[in-house]
Structure formats: structure tokens, C-alpha cells
Amino acid sequence: MLKDRKRTDKIRKILRTTYPEVKTQLDFQNPFQLLVATILSAQCTDKQVNRVTRTLFKKLPTPRAFAEAPITMIEELIHSTGFYRNKAKNIQNCATALLQQHRGKVPGTLEALVKLPGVGRKTANVVLGAAFNIPGIVVDTHVSRISQRLELTDHKDPVKIELDLMEQMPKRAWNDFSLHLIYFGRETCSARKPRCGQCPMERLCNYQEKN
């Protein structure tokens, strides 16, 4: 695995210049809303999640409301996000766990978050970064794909990618770097047809299947 900090710094600088302001695209008003929205975002666009949560959080505004609601009601409200049965079960179980273990509050540590039903490291790091401003690397499909193409990691396992990226930049950069790669992945470095001819990092990229 390449660990050229100077090269990584160049990549970070280009991304910061290209996307000077980045933030999560999920709408939320508190950590619990962000937690639910992030669980819903699996295999679903942020835009669609935001459409769903506008109604969802009006009908079910608190962890207790989710815990006590009929599961069929939650399923109906989130149906359009896909995999709705599994998501509804995870969200309701997560809300119940928050009430039983954390007095209905979303914990502010990775260790506590990943113990909640339906919450993995990716979801936990999204919540920590956006709701609590705690540094973390969010490894979604964009971050995984681009970090491999740019040779920032030679791993495919999300946890190993996360650790590789953490080693190559200061802690204060972790949150924004994840968001930079997500923005970049959506706009330029897509999975099937990357826009290599318009890529600001073309000279730093040795991806063998360039367009």
C-alpha cells in the first residue's frame, strides 16, 4: 500500500479546491434523525431519503415513537427507500436500545454506536462527524472505489481502507476527506463511466481502466 503523505496531500488539496464546502446531504435536526436517515440511506439516494424523512419524522419524532409504533407503520412510511422490512426492524430495535441503554439519547462514541442494532462503522462515523463533529473516515462505496483507484489503499475491506486513510492525513481532515471523495465520486469518478478526461486528478491517477 502506498503511503506517500505528500501525494495524499496533493490529492486533498485538489479536492478542497474543487469542493470548498462539503457537508452530509441528509437532512436532519438532531443526532437521532441523522442516525435514522443514515440507516435508510443504504442502497438508496440521499434525495429519496430526505423525501421520506420529511413525513417520517413528523409522524414519529422521537425514539419512543419509533419503539412503540406498529412495525407495519414504519415499513409503510419508509417503503420507497428499499429493503424496507429489514430497515424498519433495525430502526425500531435501534430506538428501543437507545431507550433502554442510553435514556433515548444517541451516544457520541464509535464503540457505543456500533453496538446498536443496524449500526455499523460507516453509519457510526457519519453520525459522529455530522452530528458531533468527531473525526472519522466514512467508507461508503464512493470512498472505497476512489481510494483504491488512487492507490491510497490496496484493500477492499472497509475497515482496512478506513485505517489506511487515517494513517495518511491529520485527524482534523478525516471528516471532510470522506465527504470530498463522496462528492467527487458522484460528480466525476463514477463506478461505470468515470469522467477521466475532466478529472482534476488525472495526472495523479494510475487507474488502468481510464476513459
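Start with the lining of the largest pocket in this predicted model: its residues divide into 11 nonpolar, 15 polar and eight charged. Here Ala, Val, Leu, Ile, Met, Phe, Trp, Tyr, Cys and Pro count as nonpolar, Asp, Glu, Lys and Arg as charged, and the others, Gly among them, as polar. A pocket is an open set of points on a 1 Å grid over the protein atoms alone, with protein on both sides within 12 Å along at least five of seven lines, and lining residues have an atom within 4 Å of a point.

Select Asp46, Val126, Asp140, Ile182 and Arg186, which lie nearest the centre of this pocket among its 34 lining residues. The pocket volume is about 880 Å³, where a volume is the space filled by probe spheres set on grid points joined across faces, edges and corners.

Next, colour α3, α8 (121–132), α9 (141–149) and α11 (174–187); each supplies at least two residues of the pocket lining. Seven residues come from α11, the largest share. Helices are DSSP runs of H or I with at least four residues, strands are runs of E with at least two, and both are numbered from the N terminus.

Numbering in the selections starts from 1 along each chain as its sequence is written. Local features need pLDDT of at least 70 and side-chain atom pairs count only at pLDDT 80 or more, while totals for chains, interfaces and linings use all residues, and side-chain values use heavy atoms, with hydrogens and water left out.

Now go to Phe184, Cys189, Cys196, Cys199 and Cys205, which are nearest the centre of the largest cavity, lined by 15 residues. A cavity is a set of grid points where a 1.4 Å probe fits but cannot get out. Its volume is about 120 Å³, and its lining holds 10 nonpolar, one polar and four charged residues.

Then show α3 (residues 46–59) with α5 (residues 71–78), which pack at about 155° with axes 9 Å apart. Axes are lines fitted to C-alpha atoms over the stretch in contact, and angles run from 0 to 180 degrees between N-to-C directions. The pair is therefore roughly antiparallel, the term for angles over 145 degrees. Val52, Thr55, Leu56 and Lys59 of α3 meet Met73, Leu77 and Ile78 of α5, contact meaning heavy atoms within 4.5 Å.

Finally, zoom out: the chain has 11 helices and zero strands. Its C-alpha atoms fill a box of roughly 55 × 30 × 30 Å along the principal axes.

Conventions:
Angles under 35 degrees count as roughly parallel, over 145 as roughly antiparallel, 65 to 115 as roughly perpendicular and the rest as oblique.
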